[in-house]
Amino acid sequence: MSGGALKRELLRSREIDAIDRALIQATQAGLPLTPRPYHLLGEALGISATEVMQRMARMVDNGIIRRISAVPNHYALGFRGNGMSVWNVPDLKIVELGRRIGALDFVSHCYRRPRHLPDWPYNLFAMVHGRDRDEVVHKVKAIAALLGSDDLGHEILFSSRILKKSGLRLNG
Amino acid sequence: MLDSLDRAIINDLQGGFPICERPYAEVAQRLGTEEQELIGRIQQLLDKGLLSRFGPMYHAERLGGGLTLAAMEIPESEFDTVAAQVNAFAEVAHNYQRDHRLNMWFVLATETPQRITEVLAEIEAVTGYPVLNMPKEEEFFIGLRFEA
């Protein structure tokens with residue numbers, strides 16, 4: 001196999017090897033806050049910084065890493081009213097509508113999920129953040145206005161209690 | 001309080017962070033600040049809990065794991081008992097009470113996709129109540145934006 005073909009093969013592959021696993025474990029708590037974070041990871045793993053960067057870039061390309069990013073703590077940032085808004089929208093338009101809702105600056109996550117008819121008609125979830133519940137209600141009305149006749153029904157589910165919150169555990 | 005640089009940092013870092021020799025220097029340049037200033041600010045935002053994490057976000061499903069959101073309708077009188085039963089499963093990562101007929105919503109993270117179905121069945125067996133499985137089918141992500 002030529003170098004180029006091998007590279008394409010690797011790019012497509014979602015296989016991860018022992019070094020990828022070690023990288024995943026080394027960054028589980030986060031990226032080092034130092035001017036050359038990929039060099040530091042390379043030193044810790046006994047590989048070159050170039051190899052660290054190539055492996056990270058490959059994992060971004062094949063979706064093993066969604067993105068390298070910060071996760072804001074909405075509550076600590078003053079968004080005390082967080083509501084899970086759920087929407088029944090036409091399946092044929094869901095991609096377009098999901099993108100439009102996801103792009104709103106007060107929506108942090110927007111996902112398509114399956115309906116469970118007749119109990120649960122909603123196929124689009126959007127987490128809406130506001131200073132308080134009134135602001136969330138107001139913003140949900142703005143989404144409804146944006147959807148117009150494509151809003152076949154919606155609700156807001158506010159959380160009243162955190163029953164459990166533990167970090168997601170990943171197999172390294 | 002957050003100043004405009006903090007807000008610009010939070011907005012910027014929710015997008016893609018570069019993979020290069022000096023990634024903080026690259027981001028600092030586009031935000032009009034210095035590398036060390038940026039690193040110090042991120043550290044402070046993490047220390048104050050305004051950011052809960054900074055780094056690669058791994059895709060559990062693509063690492064071979066399973067992930068889903070599930071909902072249950074539990075009578076108020078039995079709610080705490082069932083919450084304890086559900087929380088006892090190590091695979092239950094988050095669990096929230098919500099003010100809706102479906103009043104219990106939890107995230108399940110398992111080592112394999114097959115385990116999702118098994119654990120949901122186990123939860124139904126232990127609690128005696130049905131579980132609605134609502135796995136993510138598509139993601140429309142942009143992130144939260146602050147006016148800087």
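**A buried lysine at the chain boundary**

A:Lys164 lies in strand 5 (residues 154-165) of chain A, strands being DSSP runs of E of at least two residues, numbered from the N terminus. This is a predicted model in which local features need pLDDT of at least 70, side-chain atom pairs count only at pLDDT 80 or more, and totals for chains, interfaces and linings use all residues. Residues are numbered from 1 along each chain as its sequence is written, chains are lettered from A in the order in which they are written, and side-chain values use heavy atoms, with hydrogens and water left out.

A:Lys164 is buried but has no salt bridge. Buried denotes under 20% relative accessible area (1.4 Å probe, protein chains only), and a salt bridge requires a side-chain nitrogen of Lys or Arg within 4 Å of a carboxyl oxygen of Asp or Glu. The nearest side chain of opposite charge, B:Glu91, is 7.6 Å away from A:Lys164; Lys and Arg count as positive, Asp and Glu as negative, while His and the chain ends are not counted. A polar atom of the A:Lys164 side chain lies 3.2 Å from the backbone oxygen of B:Phe89. Beyond its neighbours within four places in sequence, A:Lys164 is in contact (heavy atoms within 4.5 Å) with residues including B:Asn87, B:Phe89, B:Val92 and B:His94.

**Strand pairing between the chains**

Strand 1 of chain A (residues 65-72) has 6 of its 8 residues buried, so it is largely enclosed by the rest of the structure. This strand runs antiparallel to strand 1 of chain B (residues 51-58), and 7 bridges join the two; pairing requires at least two DSSP bridges. A:Ser69 has B:Gly55 as its bridge partner in strand 1 of chain B.

**The interface as a whole**

The contact involves 77 residues from chain A and 75 residues from chain B. About 7,200 Å² is buried between the chains, with carbon and sulfur atoms giving 58%; this is the accessible area (1.4 Å probe) that two parts lose on being put together, summed over both. B:Met57, B:Tyr58 and B:Phe140 supply 12% of the area that chain B buries against chain A, more than any other three residues.

Between chain B and chain A there are 5 salt bridges. In one salt bridge, the side chains of B:Glu139 and A:Arg66 meet at 2.7 Å, N to O. Strand 1 of chain B provides the largest share of the side of chain B that touches chain A, 8 residues.

**A cis peptide bond**

Most peptide bonds are trans. A:Leu117 and A:Pro118, however, are joined by a cis peptide bond, with omega about 5 degrees. A:Pro118 is placed in the loop between strand 3 (107-112) and strand 4 (124-130) of chain A.

Technical notes: Helices (H or I, at least four residues) and strands (E, at least two) are DSSP runs, numbered from the N terminus. Buried means under 20% relative accessible area, exposed over 50%, partly exposed in between (1.4 Å probe, protein chains only). A polar contact is a pair of N or O atoms within 3.5 Å; within protein, one must be able to donate a hydrogen and the other to accept it, and residues adjacent in sequence count only if both atoms are side-chain atoms.
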